[in-house]
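This briefing is for a reader meeting the structure for the first time. Please look over the sequence and the model before reading on.

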Amino acid sequence: MRVSYSSGYYAPIPETHIFPMRKFEGLRDYLLSQKIVTEESIIEPSLCPFEDLELVHTPRYSRGVWTGSLSQKEIRRLGLPWSRGLGIRSRLAVQGTINAAKMALEDGISGNLAGGTHHAMPSHGEGFCVYNDVSIAALKIRQLGLANKILIIDCDVHQGNGTAAILGDHPDVYTFSMHGERNYPFIKPPSTLDIPLADGTKDQSYLRELELALSKITSEFTPELVFYLAGIDPLETDHFGRLALTLNGLKSREEMVIRWAGEQNIPLVLLLSGGYAPTVKDTVLAHSIVFERATVLAARFY
Ligand SMILES: [Zn+2]
């Protein structure tokens, strides 16, 4: 399976910061060590051009991240300290998602060892999300005429407010978010389909809700490309999650989504999104599950 990754995905932040910036290289190393990816299947993205960022973001904001001209208030809202590296990282990760979408359309399945930054809004970033990579990639793929109908499956525990604000009423993009009802963001613009979950939701009811949602989507929409935001923050051990998934439940979730897309032969893009497990190592292991399951199951479908 081809995946996007760059050593530039790391941007310098204090090692005590809650955001596990080391997870990107950690995941690359782990997937290589487990032979889930090879050096040859890791495709390095270039910097996403501003004109593509501006499919979604205002020129003032998209360039402000690059030049460091955001206000202190904007940086606080983003939750990550500004650096030149953050500007580089953000543009690389968006291009990584665009490239992964193209690779999925060619190969059936692909991934970006980053991305899924679903809280980013057109004119500001928030919740550790600088640019809305999935919205940009969806619009870019449509602009290129590579796919028309696009589905976004967002299983990060936090609602995809940025994606919903940008694409929630787009006629050819279906946005689905399954998230903690009482969790951030506290204002949740409507996705095409939102499934809010109660605090403490466990494996069985989580998986049942997902299964029901996927069959509802099947009856309403025929996607030509799927972006899957496989956030691992529904885990019970997560710092921010408030839900109670076990690692086994997470594994079943990843299998359910991969099977659902695979059985219909819809190209599938795997993205990280959030995850704040107790250690970076735990975070990496949890993120690796979707890639491991994909390599095992994809051969059957794609
Ligand atoms: Zn999250």
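Predicted model: local features only at pLDDT ≥ 70, side-chain atom pairs only at ≥ 80, totals over all residues.

Is Asp 172 buried or exposed? Asp 172 has a relative accessible area of 17%, so the residue counts as buried.

**Salt bridges**

- The whole structure holds 17 salt bridges.
- Asp 172 pairs with Lys 149 in a salt bridge whose closest N and O atoms are 3.1 Å apart. Asp 172 sits in the loop between α7 and β5 (173-180) and Lys 149 in the loop between α6 and β4, so the bridge ties together parts that are 23 residues apart in sequence.
- Lys 149 is partly exposed, because its relative accessibility is 27%.
- Another salt bridge joins Glu 126 to Arg 77, with 3.8 Å between the closest N and O atoms. This pair links distant parts of the chain, 49 residues apart: Glu 126 belongs to the loop between β3 (109-112) and α6, and Arg 77 to helix α4 (residues 72-78).
- Glu 126 has a relative accessible area of 8% and is therefore buried.
- Lys 216 and Glu 220 form a salt bridge at 2.8 Å, N to O. Both residues lie in helix α8 (residues 203-220), 4 residues apart, which is about one turn of the helix. In an α-helix there are 3.6 residues a turn, so residues three or four places apart point the same way.
- Lys 216 is partly exposed at a relative accessible area of 38%, and Glu 220 is also partly exposed, at 43% relative accessibility.

- His 158 lies in the loop between β4 (150-154) and α7 (161-167), and Asp 233 in the loop between β7 (225-229) and α9 (247-263), so the pair ties together parts that are 75 residues apart in sequence.
- For four tetrahedral donors the ideal angle at a metal is 109.5 degrees.
- His 158 and Asp 233 are both buried.

**Helix α6**

- Of the 11 residues in α6, 9 are buried, and the helix is mostly covered. Among these buried residues are Asp 133, Ser 135, Leu 139 and Lys 140.
- The buried residues of α6 pack against α2 (50-53), α5 (84-107), β4, α7, β7 and β8 (268-271).
- Gly 145 follows α6 and has a positive phi, near 75 degrees.

**Asp 133**

- Asp 133 is placed in helix α6, which covers residues 133-143.
- Asp 133 is buried yet forms no salt bridge. The nearest side chain of opposite charge is that of Arg 89, 8.2 Å away, while a salt bridge needs the atoms to be within 4 Å.
- The side chain of Asp 133 reaches the backbone nitrogen of Gly 116 at 2.8 Å.
- Apart from neighbours within four places in sequence, Asp 133 is in contact with Val 94, Thr 97, Gly 115, Gly 116, Thr 117 and Leu 271.

Terms used. Residues numbered from 1 in each chain as written. Heavy atoms only, no water. Helix = DSSP H or I, 4+ residues; strand = E, 2+ residues; numbered from the N terminus. Buried < 20%, exposed > 50% of the residue type's maximum accessible area, 1.4 Å probe, protein only. Lys, Arg positive; Asp, Glu negative; His and termini not counted. Polar contact = N/O pair within 3.5 Å; in protein donor to acceptor, adjacent residues only side chain to side chain. Contact = heavy atoms within 4.5 Å.
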